Amino acid sequence: IEERDEKILSVLSPPRSLEEVARLGLIYGRRFHVDAWVYMWEFITIKKHLQRMERQQRVSRIGDRFAAA
């Protein structure tokens, strides 16, 4: 979990939307995004990580974008 958190945190400067982060393919790799199911799991996984890190105050929300705290 921590390794994925660090990957996500590393791309939040400048602040990015959930969709922008998901399109980077940090979890499963962009080459697998040709499959809509894989992209969906990427999106959901990153969403859950961002929500958890927001509760932990490791990220902050600026409108529809997230930034490392």
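# Reading a helix, its sheet and its salt bridges

Tutor: At the start of helix α3, a side-chain oxygen of aspartate 35 comes to within 2.8 Å of the backbone nitrogen of tryptophan 37. Please keep in mind that this is a predicted model.

Student: What follows α3 at its other end?

Tutor: Glutamine 57 follows α3, and its phi is positive, near 65°.

Student: How does one judge the span of α3 from its 20 residues?

Tutor: One counts 1.5 Å a residue, so the 20 residues of α3 should span 28 Å. The C-alpha atoms at the ends of α3 are 29 Å apart, which agrees with that expectation.

Student: Which residues of α3 are buried?

Tutor: A residue is called buried when its relative accessible area is under 20%. In α3 the buried residues are Glu42, Thr45, Ile46, His49, Leu50 and Met53. They cover an arc of only 135° around the axis, and therefore they lie on the same side of α3.

Student: What covers these buried residues of α3?

Tutor: The cover includes α1, α2, β2 and β3.

Student: Which exposed residues does the face turned away from the buried side carry?

Tutor: That face of α3 carries Ala36, Trp37, Lys48 and Arg55, which are exposed.

Student: In what order do the three strands of the sheet stand?

Tutor: The sheet is open, its order is β1-β3-β2, and the pairing is antiparallel. The strands at the edges are β1 (16-17) and β2, each of which pairs on one side only.

Student: How many bridges join β2 to β3?

Tutor: There are four bridges between these antiparallel strands. As one case, serine 60 has alanine 67 in β3 as its bridge partner.

Student: How should I read salt bridges?

Tutor: The general idea is that side chains of opposite charge can pair when their charged atoms come close. In this structure the count comes to seven salt bridges. One of them joins the side chains of glutamate 2 and arginine 58, at 2.9 Å from N to O.

Student: Where in the chain do glutamate 2 and arginine 58 lie?

Tutor: Glutamate 2 belongs to helix α1 (residues 2-9), while arginine 58 sits in the loop between α3 (36-55) and β2 (59-62). The two are 56 residues apart, and the pair links distant parts of the chain. Glutamate 2 is partly exposed, with a relative accessible area of 43%. Arginine 58 is also counted as partly exposed, at 22% relative accessibility.

Student: Which residues are linked with Glu2 and Arg58 in a network of salt bridges?

Tutor: The network links Glu2, Asp5, Glu6, Arg52 and Arg58.

Student: With what does the side chain of glutamate 20 form a salt bridge?

Tutor: The side chain of glutamate 20 meets that of arginine 65 in a salt bridge of 2.5 Å, N to O. Glutamate 20 lies in helix α2 and arginine 65 in strand β3 (residues 65-68), so this pair ties together parts that are 45 residues apart in sequence. Glutamate 20 is partly exposed, with a relative accessible area of 23%; arginine 65 is partly exposed, with 31%.

Definitions and conventions
Residues are numbered from 1 along each chain as its sequence is written. This is a predicted model: local features need pLDDT of at least 70, side-chain atom pairs count only at pLDDT 80 or more; totals for chains, interfaces and linings use all residues. Side-chain values use heavy atoms; hydrogens and water are left out. A salt bridge is a side-chain nitrogen of Lys or Arg within 4 Å of a carboxyl oxygen of Asp or Glu. Buried means under 20% relative accessible area, exposed over 50%, partly exposed in between (1.4 Å probe, protein chains only). The expected span of a helix is 1.5 Å times one less than its number of residues. The arc is that of the directions from the helix axis to the C-beta atoms. Contact means heavy atoms within 4.5 Å. A polar contact is a pair of N or O atoms within 3.5 Å; within protein, one must be able to donate a hydrogen and the other to accept it, and residues adjacent in sequence count only if both atoms are side-chain atoms. Two strands pair if DSSP finds at least two bridges between them.
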